[in-house]
Amino acid sequence: MDIPMELNLEQKFNLKLYEEQVKGLSQEESQKFLLEVLRQLMVKDNMIKHLLQQL
């Protein structure tokens, strides 16, 4: 299985939007944002694992 490691054009655009949004955040806001993103990634991982177990 060939797993793509690059972002597509839409993902690059969204990343640039996020970059602009976080530029003005304080350190505390940045830490909260980072923790929320990490939490969402963990939830995503759990969902993928669950779906794969259903196969």
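Let us start with a pair of charged side chains: Lys-32 and Glu-28 meet in a salt bridge, with their closest N and O atoms 3.4 Å apart. Both residues belong to helix α2, which covers residues 27–53, and they sit four residues apart, about one turn of the helix. The spacing makes sense, because an α-helix has 3.6 residues a turn, so residues three or four places apart point the same way. Look at the two partners from the outside and you will find each of them exposed: Lys-32 has a relative accessible area of 54%, and Glu-28 has 53%. Keep in mind as you explore that this is a predicted model.

How many salt bridges does the structure hold? There are four. Are they buried, exposed or something in between? Arg-39 counts as partly exposed, at 44% relative accessibility, and Glu-36 is also partly exposed, at 32%. A further salt bridge brings together the side chains of Lys-23 and Glu-20, at 3.4 Å from N to O. Of this pair, Lys-23 is exposed, with a relative accessible area of 57%, while Glu-20 is partly exposed, with 43%. The general idea behind such pairs is simple: side chains of opposite charge can pair when their charged atoms come close.

Charge is one part of the surface; now turn to a nonpolar part. Which residues form the nonpolar patch on the surface? They are Tyr-18, Phe-33, Leu-34, Leu-35, Val-37, Leu-38, Leu-41 and Met-42, and together they have about 760 Å² of accessible area. Helix α2 gives the largest share of this patch, with seven residues. Take Met-42 as an example: this residue has its place in helix α2, and it is exposed, with a relative accessible area of 54%.

Next, follow the chain to helix α1, which runs through residues 9–22. From its first C-alpha to its last, this helix of 14 residues reaches 20 Å, close to the 20 Å expected at 1.5 Å a residue. At its start, a side-chain oxygen of Asn-8 comes to within 3.1 Å of the backbone nitrogen of Glu-10.

Gln-31 is part of helix α2 and is partly exposed, with a relative accessible area of 44%.

Finally, step back to see the whole protein. Its secondary structure comes to two helices and zero strands. Is the fold compact or spread out? The radius of gyration is 15 Å, well over the 10 Å that the globule rule gives for 55 residues, so the protein is more spread out than a compact globule. Along its principal axes, the C-alpha trace spans about 45 × 25 × 10 Å. What share of the 55 residues counts as buried? The value is 0%, where buried means under 20% relative accessible area. As for the surface, the protein exposes about 5,800 Å², and carbon and sulfur atoms supply 62% of that area.

Note on methods. Residues are numbered from 1 along each chain as its sequence is written. This is a predicted model: local features need pLDDT of at least 70, side-chain atom pairs count only at pLDDT 80 or more; totals for chains, interfaces and linings use all residues. Side-chain values use heavy atoms; hydrogens and water are left out. Buried means under 20% relative accessible area, exposed over 50%, partly exposed in between (1.4 Å probe, protein chains only). Patches are made of residues with over 30% relative accessible area and no salt bridge: like charges are joined within 9 Å, nonpolar side chains (Val, Leu, Ile, Met, Phe, Trp, Tyr) within 5 Å. Accessible areas come from the Shrake-Rupley method with a 1.4 Å probe; for residues, only the protein chains shown count as cover. The expected span of a helix is 1.5 Å times one less than its number of residues. A polar contact is a pair of N or O atoms within 3.5 Å; within protein, one must be able to donate a hydrogen and the other to accept it, and residues adjacent in sequence count only if both atoms are side-chain atoms. The radius of gyration is taken over C-alpha atoms; the globule rule is 2.2 Å times the number of residues to the power 0.38.
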